[in-house]
Amino acid sequence: MEPDYGLRKRVQNQPIQRELDVARQRELVRTVIGGACVLVAVMFAAWQHLDARRLGKVEFDLTERQSRLLEERRHLALEKVFLEGPARVEAIATRQLGMKPPTRETSAVIERVTVTSSPTSAVVAQR
């Protein structure tokens with residue numbers, strides 16, 4: 001009997017060199033660029049949405065502040081009218097400052113005389 005052994009092909013232990021698939025690389029670059037464009041568009045839309053919400057909140061806060069300030073203005077106007085009232089001023093003058101109401105003997109009425117300027121020598125209009 002003869003030994004049974006087969007002849008094998010020699011294995012070449014050389015590194016495998018792969019060729020670049022140019023079409024696949026172009027498609028991959030196009031896909032990445034397209035995805036980046038979509039991502040930029042989505043990020044821009046989200047930024048616009050969040051900015052609109054922030055501005056809505058700022059508007060609401062400013063509207064509230066304006067209404068509070070208008071209410072305070074009305075309150076201060078009423079307080080001013082009350083403090084400037086003639087009855088209150090007279091009461092303070094008589095009680096705190098010791099003033100007395102004027103009488104006919106202590107008061108004098110002075111009439112203001114309006115002085116007109118003398119006419120110029122030129123004639124303005126003639127009939």
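Mentor: Searching the whole structure gives one aromatic pair. The rings of Phe-44 and Trp-47 have centres 5.8 Å apart and planes at 45 degrees, so the pair is tilted. For the cut-offs: rings of Phe, Tyr and Trp (its six-membered ring) pair if their centres lie within 6.5 Å; planes under 30 degrees apart are stacked, over 60 edge-to-face, the rest tilted. This is a predicted model: local features need pLDDT of at least 70, side-chain atom pairs count only at pLDDT 80 or more, and totals for chains, interfaces and linings use all residues. Residues are numbered from 1 along each chain as its sequence is written, and side-chain values use heavy atoms, with hydrogens and water left out.

Trainee: How many residues apart are Phe-44 and Trp-47 in helix α1?

Mentor: Three, which puts about one helical turn between them. Helices here are DSSP runs (H or I, at least four residues), strands likewise (E, at least two), numbered from the N terminus.

Trainee: Is Phe-44 exposed or partly exposed?

Mentor: Partly exposed, at 49% relative accessibility. Buried means under 20% relative accessible area, exposed over 50%, partly exposed in between (1.4 Å probe, protein chains only).

Trainee: Switching to charges. How many salt bridges does a search of the whole structure find?

Mentor: Two. A salt bridge needs a side-chain nitrogen of Lys or Arg within 4 Å of a carboxyl oxygen of Asp or Glu. Asp-51 and Arg-54 form one, at 2.8 Å, N to O. Arg-74 and Glu-71 form one too, at 2.8 Å, N to O.

Trainee: Where do Asp-51 and Arg-54 lie?

Mentor: Both are in helix α1, residues 22–83, three residues apart, about one turn of the helix. Asp-51 is partly exposed at 24% relative accessible area. Arg-54 is partly exposed as well, at 46%.

Trainee: And where do Arg-74 and Glu-71 lie?

Mentor: Also in helix α1, three residues apart, about one turn. Arg-74 is partly exposed at 47% relative accessibility. Glu-71 is partly exposed, with 48% relative accessible area.

Trainee: New topic. Where does Pro-101 lie?

Mentor: In the segment after α2, which spans 86–95. Pro-101 counts as exposed, at 53% relative accessibility.

Trainee: What share of the residues counts as buried?

Mentor: Of 127 residues, 2%. The chain exposes about 14,200 Å², and carbon and sulfur atoms supply 58% of it. Those areas come from the Shrake-Rupley method with a 1.4 Å probe; for residues, only the protein chains shown count as cover.
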